[in-house]
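Work through the two exercises below with the sequence and the 3D structure open beside you. Try each task before you read its solution.

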Amino acid sequence: MAEERDDSPGSTPGLTRRGFLSSVSAGAVVAVSLKDAPPAAAQEIEATGSTVTVSLHVNGATRKVLVEPRWTLAYVLREVLGLTGTKIGCERGECGACTVLIDGRPRYSCMTLAVEAEGHEITTVEGLLEGERLGPVQQAFLEEDAFQCGFCTPGQIMAVEGLLRVNPSPTMDQIRTAVSGNLCRCGAYTNIFSAAAKAAELRKQKGGA
Amino acid sequence: MTEFYDRLEENFRNSFEPPAPSEDTMDPWGETRIVGKGIPRVDAYERVSGKALFTYDVILPEMVYGAILRCPHAHAMVKRIDTSAAEKMPGVVAVITGSTPGADISWYGAQSKLFDPHCRHQGEEVAAVAAQTPYQAWDAAKAIKVEYEELPFVVDEDSALKPGAPEIHPGGNAAGKPRPQTRGDVEKGFVEADIVLEETFRTPVQMHTTIETHGSVVKWDGEKITVWDSSQGVYDAGLMSFARTMNMPYNNVRFLCPYVGGAFGSKLELGKYTIIAALLSRKASRPVKLMLTREETMLCVGNRPNAKMTVKAGVKKDGTLTALQLTCVFTPGAYSSMAFVGFLFQELYKCPNVMVLESGIYTNAGRSRAFRAPGFPTAAWSLEQMMDMLAEKLNMDPVEFRLKNFTEISPSRRVPYSSAGLKDCIIEGAKKFGWSETKATKTESGHIKRGVGMAAGLWMMGSGGPPYTAEVRMFADGGVTVKTGAMDLGTGTKTTAAMVAAEELGIPVENIRMINADTAITPYASSSGGSMTLASLAPAVRRGAWLVKRQIFGWAAEILGVTADDLEIRDKSIVSRSNPSKKKTLEEIFRTKGVLDVIAIGNREANPAGKAVMPFSAQFAEVEVNTKTGEVKVVRLVGANDSGRVVNLKSYENQVYGGMTQGLGYALTEKRVMDPQTGKMCNTNLHDYKVPTALDVPVRPEVVPVDLKDNECNNVGCKGLGEPGHVPTAAAIANAIYNAIGVRPTDGPVDNRMILELLSRKRRG
């Protein structure tokens with residue numbers, strides 16, 4: 001246990017929950033809490049403080065992290081693993097900024113708990129890079145000016161990537177439907193459609209599909 | 001918001017002062033090599049790779065997370081706050097309330113406080129916590145016990161002025177004294193008219209819904225603070241507002257925001273969350289990230305105010321407008337703010353007699369803020385529908401009727417426009433759209449009714465102006481860094497600035513590196529709002545580049561024995577055009593002069609004296625209305641804009657697409673819904689608040705740039721674009737709906753239910 005990489009936010013110096021737990025018994029924690037806080041709060045401490053270790057397979061690498069069961073995949077990717085390319089816009093599955101691929105299919109990472117993602121292949125926008133080179137969908141978004149502020153863009157890119165993995169030659173209607181779960185408040189939709197079409201071409205040129 | 005507009009008005013006044021006499025004025029560009037092309041953005045890589053660091057993405061060592069406890073009631077008085085349980089919650093490092101030292105700060109002018117015990121709408125700030133994780137912060141915020149005295153509330157303007165209505169501020173709910181603004185004599189104008197029409201129009205409260213929510217990350221270093229803020233202005237909205245609020249020297253405050261995930265006016269002022277994060281951070285002695293949730297942004301960081309507009313208009317038989325009168329009532333929410341609905345009536349057409357009267361009424365709802373061309377899409381909704389109503393009565397084509405009332409002289413400023421492109425926008429837009437042909441071949445097929453409509457617009461700012469600065473620095477290898485305090489809200493600011501510098505220096509865009517929006521590094525720029533950025537920044541950048549070039553060419557001329565105007569930069573050398581064998585590398589020249597780089601500050605020059613600088617637009621829409629379901633499908637949109645010279649064609653088109661998309665939402669689906677039973681907002685999320693999706697917009701909207709070669713507005717010849725491209729959309733769609741179904745959609749948004757109601761009204765007669 002001492003050798004494993006600990007990416008949890010509590011792992012920074014100071015009194016961490018984990019360090020605390022390893023130095024005193026669990027019973028002592030409850031006893032202290034009961035003394036200092038009303039019973040209702042103590043229950044919450046137990047429920048929210050419990051952590052589990054999950055192994056996340058992200059962009060081809062396995063990352064072991066200590067998480068609370070309620071933490072979303074979006075939160076863990078961003079704030080724990082530092083993969084901030086995945087964005088958060090609503091945290092309730094409405095805007096699509098947090099879209100990642102789970103086993104190759106676009107999913108809202110704000111609606112997926114990190115513990116649920118264990119054992120699945122997770123791909124984020126960073127995972128589309130080939131070294132420092134842009135992947136074909138990213139390149140197409142660049143060329144077609146398929147964004148304005150760029151905040152919804154990683155989600156749009158992952159939605160298009162997911163589409164093209166199952167449908168390398170989509171029609172315009174299929175493209176529009178595929179990105180309809182990703183809001184672009186800046187309104188760059190028409191360029192996103194063009195980028196999706198161009199991405200399909202670029203992927204074919206590369207021999208991908 | 002008031003402050004921002006005061007500043008803009010000041011700029012506008014400045015624009016009439018004659019430019020400082022200068023012997024070294026720059027000639028306007030003729031043909032350009034780079035400017036005008038459509039190129040990918042210089043920061044596209046960062047934005048598509050996931051590497052761009054938005055405020056939300058900043059992670060610092062030892063950083064903790066903030067959360068704000070907000071009042072759940074529409075109107076309440078905080079009687080008691082008990083934070084003792086929250087302070088003992090796991091991970092909690094700081095809890096603050098209004099009684100925390102340093103937290104007694106006035107807000108909204110002096111109408112409220114950072115944590116005001118008098119909560120005037122749902123969502124007002126009551127207390128805040130910082131904890132190791134955002135989850136723990138939310139837990140702790142919920143564990144704060146607050147005793148509220150609930151007060152009677154009012155959330156609709158009609159009830160707010162009735163006797164006995166709950167008072168939101170002492171003295172009643174009238175937000176200031178309405179001041180009529182008049183030109184000529186409207187009563188005389190109505191007498192002179194052959195036709196007088198009157199109609200009342202309503203527009204909804206529209207929410208900004210930036211995809212990156214508002215928030216800040218703050219880090220104290222003793223008395224100094226660094227703030228990453230999702231903002232529209234690191235100087236005015238950031239550093240200066242923060243320093244004043246916290247009573248700190250400017251020098252001790254650093255604001256940065258290289259990437260912002262959407263703003264649309266809602267990030268033009270310092271947020272309470274920034275101050276709260278700073279207070280939490282100071283108390284915890286840890287950096288704090290405080291990003292608002294979607295729900296919080298729906299309640300507390302602004303909206304476009306609604307409006308009830310009664311419009312009376314008079315016209316002669318030949319189509320000459322004789323009088324326009326607007327009475328507008330809106331709610332700024334619980335605190336003072338502006339509507340700006342009247343200006344379009346005063347400015348868009350040549351009309352000798354105009355009277356506008358705007359009055360605001362306080363309600364227990366979130367305060368409005370600037371929202372993309374504040375007041376103008378609202379005004380266009382009523383004015384441009386009224387223009388179509390008049391055209392119909394006159395039996396005139398709407399295009400012809402508008403052209404009839406076109407003017408090259410600013411009616412409210414009484415000076416000529418530097419370029420008056422409205423006429424060309426209408427003509428070129430109509431041509432692109434196929435206006436006459438489409439109208440003539442209108443086909444009906446069963447329950448799907450087709451219709452076409454158009455509307456015109458302009459934007460009162462968009463001239464840009466001083467003070468605005470850019471630093472241009474050339475290295476000995478020919479590479480150039482341009483630094484500016486300007487924001488790039490997604491508008492492509494950095495790319496346009498790089499293109500301007502590359503054009504002036506005669507070097508490729510790839511050789512330019514842009515650094516922006518960091519008060520510790522980049523020189524002053526006013527906030528990015530009012531479509532002021534491009535027309536302020538581009539001339540400053542050109543000036544800076546020109547000064548750098550002049551310095552280096554001066555040296556080279558002396559060394560090479562040629563004249564400076566015979567020189568150009570070629571790769572890493574300065575070369576004589578007439579005799580290319582005469583050349584020196586930049587490094588050799590720099591070494592001779594004992595420098596390693598050349599730096600110049602470009603200052604934005606004054607705007608032309610005696611001219612009004614405004615951008616114009618005209619838009620055309622084609623809709624299909626399903627008379628069975630009430631669904632409106634916008635199948636085509638054409639936007640023609642006079643924003644002067646096009647700098648980057650790609651981002652130009654993209655801006656107009658965006659403006660039209662938001663206008664489409666304003667016309668058809670977007671509306672804040674307040675529950676009169678509880679005084680709370682019903683649709684505080686993106687499921688119930690409906691912004692246009694990929695399936696709601698036309699696949700290929702079209703953009704027509706109109707460029708009248710304005711050599712007077714500034715040294716680049718460009719005007720603002722972001723807002724004028726949004727102004728006419730909703731009105732054009734409304735006119736198209738009328739054309740389709742023969743009933744006028746006076747009240748927006750025209751959703752399915754509204755269409756069915758209009759159709760049933762028509763059937764009943």
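**Exercise 1.** Across which strands of chain B does helix α16 (residues 533-560) of chain B lie, and at about what angle does it run to β26(B)?

The model is predicted, so that local features need pLDDT of at least 70 and side-chain atom pairs count only at pLDDT 80 or more, while totals for chains, interfaces and linings use all residues. Residues are numbered from 1 along each chain as its sequence is written, and chains are lettered from A and ligands numbered from 1 in the order in which they are written.

*Solution.* Begin with the sheet, in which four strands of chain B follow the order β22-β21-β20-β26 in an open arrangement with mixed pairing; strands (E, at least two residues) and helices (H or I, at least four) are DSSP runs numbered from the N terminus, and two strands pair if DSSP finds at least two bridges between them. Its edge strands are β22 (512-516) and β26 (597-603) of chain B, each of which pairs on one side only. Helix α16 of chain B lies across β20, β21 and β26 of chain B and runs at about 145 degrees to β26(B), where axes are lines fitted to C-alpha atoms, for helices over the stretch in contact, and angles run from 0 to 180 degrees between N-to-C directions; contact asks for C-beta atoms, placed from the backbone, within 7 Å.

**Exercise 2.** How many bridges join strand β20 of chain B to strand β21 of chain B?

*Solution.* Five bridges join β20 (residues 469-475) to β21 (residues 480-484) in chain B, and the two strands run antiparallel. R473(B) stands opposite T481(B) in β21(B).

Technical notes
Contact = placed C-beta atoms within 7 Å.
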